[in-house]
Amino acid sequence: MVSPMLLIAVPLAVAFLLPVIDHLGRTATRVVHLATLAFGIVVAGDWLYRLAGGAATAEILTGGWPPPFGINLRLGTAEAVLVLLAYLTAFVAALYLADREEESNVRGTVIQTVLVVGAIGLIMTRDLFNTFVFLEISGIGTYALVVFGREKSGLEAGFKYMVLGSVASIFVLLGVAFLYKLTGTLNLDDMAGKLSQAMVAGSGLILLLLLVGMIAELKLFPLNGPAIDLYDGAEPGVMALLVGTTVNAVFYTFAKMTALYEGSQWVEAITVVGMLTFVIANLFAIRQKKVRRMLGYSSSAQLGLLVFLLPFVRSGEILASTVGLLVVNHTLAKAALLWLAGIEGNEELDGWRGAFATRPLLRVGLVVAVLAMVGLPPFPGFWGKWHALVGLARGGHPWWITILLLGSLLEFVYYFGWLRRVFDGIQERAEALRPLKWTEVAGVVGFTVLLFFGVRMLGEAWGSVAALALAAVGVVLVLASVIPGRMQAAVVLLAVAATAWRLWGTQLVLSDFRGLILTVVLFGAMVVSLAGLGLPAPRKSYWGVFLILVGSIVAMIETTSLLGFFAGWEIMTWSSYLLVSSSQKGSRPAFLYMVFSGGAGFLVLGGLMVALGGGVQTLAGLTTLTGAAALSAWALLAAGFAVKAAAWGAHIWAPDAYAESPDLFTPFLSGVISKLPIFGLGVVAAAIAAPAISYLGRAFDPTHILAWVGGLTAFGMTLLAVFQEDAKRLLAYSSVGQVGYIILGLAVMSPLGWTAALYHVVNHLLFKGLLFLAVAGVIYRVGSRQFSSMGGLIKRMPFSFVSVLIGIIALAGVPPLSGFAGKWLLYEALMERGWLLLTAFMMFSSVIAFLYCFRLIHSIFLGQLKTVHRDVREAPWPLITAQYLLVIPILVLSVRPRWLLDPLQRLVADRFGSSTLQAVGDNTLVSSFGYFNAIAILVLVIVLFVGLLIFLLTAGPRAKKVGPLDIVYAGEVPPPPEELHYAWAFFRPYQRAFQPVLRGAVSAFWRDVADVSEAIADAGRRFYTGNAQTYVLYAFLLVLALAGIGLAR
Amino acid sequence: MKQIVSFLALATLAVLLWNLAPIAMPSDLGPVASHYVSHGLQENRGSNLVTSVVVNYRGFDTLGEVTVLFLSVSGVGFVLRRRSGLKVHRQRPASEIITTGARMLFAPTVLFGAYIFVHGHLTPGGGFQGGAVVASAVLLLILADRDLVLPHAALGWLESLSGFGFVLAGVVGLVVSGSFLANHGIIPLGTWNRLLSAGIIPVIYVLIGLKVGSELAALLDVMVHAADEGEAHS
Amino acid sequence: MNVLSFLNLVDLLVCAVVLIAAGGAALHRNLLSAVVFAGVASLAVSFLFLRLAAPDVAMTEAAIGAGLSTVIFLIAVRRTQETEEEDR
Amino acid sequence: MMAGNELYVATALGLIFIGLATVTIKRNLIKMVIGFSVADTGVNLLIVALGWFPNRTAPIIDDPSLLSDRATLAVRSAAIVDPVPQALVLTAIVIGVGVTALMLAYVIRLYATEGSLDVSRFGRMKW
Amino acid sequence: MSFPLKLMWSVIGILVAIAYGLLISGIIRKVMARIQGRIGPPVYQGFIDLGKLLVLRTATHHGVMFYLAPIFRAAGGIGLYLLIPVVVGVPALENFSFTGDLLLVMYFMFFGSLGMALGAAESGHPHSSIGISRGLSQMTAFELPFALAVVALAASAGSFSISDIVMAQQGGILHWNLFTHPLAAIAAFLAFLGMNMYAPFNIVGAPQEIPAGPPTEFNSSFLSLMMAGRSIFAVAKMVLFMDLFLGGATNLLEVLVKTFLIYFWSVFVGAVFPRFRTEQSIRFFLGWPTVAGVAAVLLVMLNR
């Protein structure tokens, strides 16, 4: 076992010797430098391993005396993690920065080495003045190193940073000196004990001075201006080094100092400043035009979050390891992002269009780092945020949770805004980037891989072998992008089929809500991957991400814990986001999708936090919630799921996302992903609906709101679908509208309503998947989504036509196909509940659905065939096969809805007791309001059809087939420009009639939200004037302001 | 406007400090200080308690301090590593008298500095003060002869080895008595008030003196010569 | 008693010198003069250190604070400009 | 007690005030560095003044009898000022000169890029 | 009643209904002509047209869907008729109403129109397209007041079953929904005007600008089947309204009288009002008829 002291002594000795070693040549310097850092990694890693294995914390004395007489240092688990991180970052940074011209100066290497020493000293020391010394070492190292590579901007930023840093160190030194005077000791632990024993008079102002000094060192609002300039101006490789060393070390220093603040009036100030930084820095970041400046704001925000959590760690509400997870996450991800920023080299955000187009591995790295940065699973930040929130929830801090989540949403906005640009126009930028050096790439890849250490926690949270296996195969596929797309689709098909095989009969049963949804998911995935055999993959990583998506959904359904559920939910969100973004025009809609999904996720998270605050751990335990907790949890969950389901008011993301996502993915998005909020409503939110409703008493029933939201969604989206000129957009609006029906059915909260909703879940998967697949085939062959460029394709693509015909009949709910049963159930349920107006309203909107159904089939398949489409072939066979895989169950359901209804009835009975729906005889379904007999209808229709057909064929002369142009009108239709196309603006009168309700108030609302927050960000960030003296003034004013608040009490 | 606000803010701050900070004198020494005062003599056998504190009790701080100096000299060199745009200032060559005088003064000054840091554990002064005096001797030479080229290699070796020696002394303490920079069991503490007493303290203070002296000399050298000579070290 | 009050008077004077020199350092528009003022202030402070029973600190302040710092400042001024000119 | 440390503390605060005011108000870069130097000196003076006891001697023991005589330990500790602040200041002074040197190096370099010492010229990065 | 017997009665009923439909439209045309000072066609003109179309020597078609269109149309009409009990309590005239309730009937009302639209669209004739656009638009608009009325009736009767709704109106003329739910009746009867696509809601066919509208390409036996389907569709709707609002019927004579009254209502309005443009008629239906329907529903909710 090596003494931890050597972690400081060895690099320091090497730093002293380096100028001499350099006489032997650059290579010697470099080798010695790297060897030293490697030594540090090994020793720190060894210590971490031992400490994690239960070894005692190492105490190191200096001068030969115990504290408080000598300075002592400590190496516990937290310290070991940070030291290891520092060495790792420094090692990779050394690789990254090698070959730079500046490296020819040995002083650069010396400074890098001493910077590590400074950070480790800060981390390990337990002496306050020693802390000051190491703060100075870190500070001077930073000032010196920021001129690396970028002379002018680095100088400017470095100078400002130095000015504020010097003021900060004056404050810190004053604080330290006065604290010594008050307590007679400089040892932190000793001092904390003495301070808390008796809050000595006069300690308030002193602690404040120290606090403000540390706020400046920590780069918190309002003193973060120079630090942000530093990110902007300095070489990104240097900033990555700083993130791993100095930044963490200063944070940990402050964490140690919080012991001094216990019981003082500044604890709240720490919390508030931290959270303020988190929110404000994130807010200002959304308007940044420069990548590295944005990253600077992000760093400041993250530090704010960490500092915010510290008082809660002191009070025991949050575990230190939670904060540790966030620190590790931030370090790895931010360093990777900075290196990537350096490799790409473009400073302007807009210059990132199509970045790394030719280097998929780096793009994967970028995506992973961004996902980790914003705190998505399976990366460490997610677990950290989760546990932090749980701590806050248990401690009863709902408002902090709210603000934290709002700030996190802002983070989503700018990080995914960045990715949006990267995904944008990947096709158009093909020219080679500057040649990559392996040293640069190694760092990015290494840190990206390290980020995956959260996967172990994912395994614990999920406990689902199937899900993990699926996701693992997905990751392999992402990395093995050489495999051709169709072969990958085959792998996906096999994997999903194997999963289905394994789960068959255990989880995969219809008589259970989870089983039902799981069946829907796996079936949908199989159909889509089957179709994938016939279409090119939109992106190399497409199928891998798809499998990750499927795995996350399986996990979400199978898991029993709230954490597992939410982890699955978030992975589902980001993987589907990646899939949506993988089409040519998908980046922008995908961005919107992600932001709204992020918001939805945070609402759900808020709801789960209320539950966790009430002591609930598992999904099953939700039922134990009562009273106000039940109500608020229910409201948050329902709202979150509603947003994710694109319910009216939050629907604006959906049509674009559906329409612009790859043709292969849209069926899954519409058929399966849109059902997951329903799963959430059904399993998670409904569990607490009863106590929530009873808490409100008779005064008001919150399900009314949900019902009308569902109703408005159904109506509004249906209406908008009517006016679309684009086949996929039409179906997109339709999909959202159909989910509205399902929400409405669930909101009824009766056996019949649930039966209706669940029936519709299955049915919608079938017919909407069918329609999207058929349209995908048409788009693939025709090369356009516009109605005006289609027409008359019935003769060229008859199989697709039949698919669409069956699909729209089922969709419209016209008897005799399966859709009618769904509509019938819904109306019966609504009548039973006594929601008469909604019943009529839904009848109306489902009739409007006829319009777009007709539009779809008419504009694509009927009418005049375009000359250019004379030789169009039928869609590829895998696509057709996939479609008919969906047709069969539709027909089966049409004949005997009971095959689905019976298991649904059973599972609904589990929740509600018996249903009013009964079967009379074998085929007639009877509810309290009405009845219908599916087989009788079918027979009636078939008999009539056959009879009439026979009549038509026998009566009168044999009809002669004539060409499409042989019509009474003229015999010839001039080739029209698209606006004269027979199907252009088909329902124009309808549009005119509905003009007043179509003004787009909702999108205007969200546009306003975006505009206002951007305006605030724009106005607010002027706070950072760029003038060094102003920043110093802020420090003084901060002292005065806090003194005014804190000392007045 | 900003100036006025700054002025007022600072004035308020000063008043606050004056009124609220605990500036009144305590009745007696704090616990740590009393320990140093009462046990310092036995434990380190040096008359100068400040030196005991600086080199032994808080020796780790001093190592950090030396590091700061080292780092800032490296930093100055690094910041000024490019000559482009730097103002080259030429001055008249110094007169013969000054040059000669400076050369004559050089040796006594260095000796004086050495005296200060060798006696650091006994009398006021020590490595830093002595080092500064040594550096001022170098300054004299630089002032006297602009074109003087310092023996960089020798200075560099001195700088590196003295720093390394300091760390090594600490590690020796670690090995011998399990505590970094410990002062017992390495060299006998000796008799009080002798030059060769107080254990390892004078050794370390001499190393510090050499380190600081060479460091400050290098600093002056870099500041003066950076532009017109380019890189001080290759 | 006389000695004490004499020393007190000296203290007062030195403190005044310190503050005046610091003010001069802040206000004098010639940078070389300002640097010299700062050095004087530093030197006066080192005297105060002596009065505060801190001979070690006094020596250091004199050698490093008053001496070396001032030299570095002078070098810096010579390498930039000698008067304080603000451009509007 | 009248002959306390008020005079020194006041002087120190005055130095800090003058120094920081120079930093915030003077737009000349060298003046700003001078300001920091002055403020540092003030802080150092303040720290030493805080550890000072009137009528006590410097922490240098020149009486060998004190070495073993346990009885006079209390006496001795009542006769000497606190050595710790002095040690801290010793360190702080050296750190201060290091920072000052680096700042001046920056100033020299900044002057080379802009040909000016006005701090408002160096505020391009903002918002 | 045995199934074959029921089947036989149904076939007879279908034929009679077609004949009745043709006859009644002949009567109306005559009446209209007289109002406008013309002589007008004979009342049996419909039968002549049907016969003529059936014996035409040539026929053309445009494809599978074109073939299916008249079948959809006729099946929609006949199916609708078969799902509605003509005389509740008389098994021979209750048709196949056991198959489904009022919801099924409401959906079946669209079956024919949608199917015909498909076929008409396949012809590729621009006039068909225009006609379909107008027809479907208008069709959905009157659905709202109609649905509101139906919901009001069903809620007060406690059932979607047509027979139950009829039974709930027994006991005298004042128990008819027409009088117990006047607002619902207003909404429904205004919607009825649109359903029939007679003036003023006849822009779908709009003989002057787009000859014949959707069926413009149909000829010979295709057209004859459509005509037949159309007339039985009209009859079925009248029977439905009779069941819903006029207390159903106890014998065939009552059926005749009541349906004729209902029919006359639409003719009367058509004679008085000029033709609406499509968006005008949509706005019309979403205006006062909807208000009446909502009021009717609210009344029902209040009375419970």
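Helices (H or I, at least four residues) and strands (E, at least two) are DSSP runs, numbered from the N terminus.

**Conventions.** I note that this is a predicted model, in which local features need pLDDT of at least 70, side-chain atom pairs count only at pLDDT 80 or more, and totals for chains, interfaces and linings use all residues. Residues are numbered from 1 along each chain as its sequence is written, while chains are lettered from A and ligands numbered from 1 in the order in which they are written.

**Chain C, fold.** I looked up the secondary structure of chain C and found three helices and zero strands. Along the sequence, I read the pattern as α-α-α.

**Chain C, dimensions.** I then checked the radius of gyration, which is taken over C-alpha atoms, against the globule rule, 2.2 Å times the number of residues to the power 0.38. Chain C has a radius of gyration of 15 Å, well over the 12 Å that the rule gives for 88 residues, so chain C is more spread out than a compact globule. I recorded spans of about 55 × 25 × 15 Å for its C-alpha trace along the principal axes.

**Chain C, burial.** I counted a residue as buried if 20 or more other C-beta atoms, placed from the backbone, lie within 10 Å of its own. Of the 88 residues in chain C, 52% are buried.

Key: Buried ≥ 20, exposed ≤ 12 C-beta atoms within 10 Å, placed from the backbone.
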